[in-house]
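Please examine the sequence and the three-dimensional model shown here. The paragraphs after it lead through the surroundings of one ligand.

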Amino acid sequence: MSQKLYIFDTTLRDGEQVPGCQLNTTEKIEVAKLLEELGVDIIEAGFPISSPGDFNSVREISKAVSAPTICALTRAVKKDIDVAADALKLAKHKRIHTGIGVSPQHIYDKLRSTPEKIIESAVEAVKYAKKYVEDVEFYAEDAGRADVEYLARVVEAVIAAGATVVNIPDTTGYCFPEEYGAKIKYLVDHVKNVDRAILSTHCHNDLGMATANTLAGVLNGARQAEVTINGIGERAGNTSLEEVVMALRCHKEIDIDTGINSKLITKASHLVSSLMNMPVQPNKAIVGRNAFAHSSGIHQDGVLKQRETYEIIDPQDVGINESVIALTARSGRAALGHRLELLGYDLSQEELDDTYQKFLALADKKKEIHDYDLLYLVGDLDRMKNQSITLKYLQVTTGTLVPSATVVLKFGDHERMATSIGNGPVDAAVSAIKSLIKEKVILTEFLMQAMTKGCNDVGRVHVQVKCGNRMVHGFAAHTDTTRASVEAFIDALRVLNVTEKTE
Ligand code: KIV
Ligand code: ZN
């Protein structure tokens, strides 16, 4: 049987520290419940002394979630520990996470202390936390830049004081994987009571090495990884849960597993991204929009013949139904033929060659080719009439009045108008549009991002729309963000080939 790597999720603490990513208690409970379903072992639910909101969230999550251990962060300060213990009172499994800085920068510059006094404070904090809970984790902040011999003394002292887990954070994301791995190995080899505790990794991504460092730590004996969904976290973020979980799944020879239900990874990524208003970069490993999209002709041909040619992960294993073949100017005949087949066209080789030439000419002008473009290419104008929806007119009222919207859509050669109210101008416009189409569609994700900075910037909107079992994405960008939102929704409807509602 594989060795177990405990997954400690800190999306709701380190992740939530990112400016603009704050969640209210209800939203945090929603995330915590999904983390429980995902199978994480520990949820770091907050830093209770930092605000009444954080205290309340830790308390409510402790009530709402029962399988994972609920953890609360503190400094090595008695008052922090008292408050954390109070917030955790109702948790079925609870852990206090206390700690102090151990690098020269922390000891001398931040804390204006000495190495010996730091060890005393660390031991005192662990012993104090032990009065409340059995499970105490100690973090040696900035261990990445600490002297390893001194770090070993700290680790030994806190384990002797009762720490059950010792966290070795690379707080500034400074280490190289070899360096971080060697640090963990040094502790495993030199701390005489190390077998009485679990060593934990906690890596930041300032140099883009958080996952590599975490894995180096695990390969050298760490048995807990501290991670966040989508790798969100201070500055460049923390190690991402999905990368560690899938890296270990792909490399079975390592024989360490997390027990995470990976099929929920995409769902968790979308939930965190949308609640925190933090778009996932399209090329992000595992959860980026393009992570399973193949756009070059050679790759598309390979994937269509045998998925493993260019995919090391089956998209279904992370909860995606099919890898997306994005048609662009670099797509080959195989991908074009496959997409046309899905649309119901079985072309002869000659017809496919001819369509492919037209496709290349169009793809040179357009970034991505949608299904309705293909219908145009194969000359199915009747079907195209239905699918080719364009926005002809949009008028919204918002402010202190009930938001409302009037839209005129062009379906093929004629126009239809609808008016609706909503909880905002976009919601009103989306309702109006829905009243004009036959299919039942649900807007499941909505992300808006400024292209650069400033209020006169172009807003880029990314939506996800569900229709039956199909989940598609739509995009649009405009200086008018309401218009961009409505255009993005219509873009998704085109991909879905929705049809006009007839009275
Ligand atoms: O990065 C860090 O050192 C931390 C600790 C508070 C665990 O987040
Ligand atoms: Zn951190």
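What follows describes the ligand, its shell and one residue of that shell.

This is a predicted model, in which local features need pLDDT of at least 70 and side-chain atom pairs count only at pLDDT 80 or more, while totals for chains, interfaces and linings use all residues. Residues are numbered from 1 along each chain as its sequence is written, chains are lettered from A and ligands numbered from 1 in the order in which they are written, and side-chain values use heavy atoms, without hydrogens and water.

Ligand 1 is surrounded by R13, D14, H97, Y139, E141, N167, P169, T171, H202 and H204, where a surrounding residue has a heavy atom within 4 Å of the ligand. By class, this shell holds two nonpolar, five polar and three charged residues; Asp, Glu, Lys and Arg count as charged, Ala, Val, Leu, Ile, Met, Phe, Trp, Tyr, Cys and Pro as nonpolar, and the others, Gly among them, as polar.

Oxygen atoms of ligand 1 have polar side-chain atoms at 3.1 Å in H202 and at 3.0 Å in H204. In T171, a side-chain N or O atom is 2.7 Å from an oxygen atom of ligand 1. A polar contact is a pair of N or O atoms within 3.5 Å. Taken alone, ligand 1 exposes 260 Å², of which the protein buries 92%; such areas come from the Shrake-Rupley method with a 1.4 Å probe.

T171 counts as buried because its relative accessibility is 18%, buried meaning under 20% relative accessible area (1.4 Å probe, protein chains only). Between the C-alpha atoms of T171 and R145 there are 8.6 Å in space, although the two are 26 residues apart in sequence.

Conventions:
A polar contact is a pair of N or O atoms within 3.5 Å; within protein, one must be able to donate a hydrogen and the other to accept it, and residues adjacent in sequence count only if both atoms are side-chain atoms. Buried means under 20% relative accessible area, exposed over 50%, partly exposed in between (1.4 Å probe, protein chains only).
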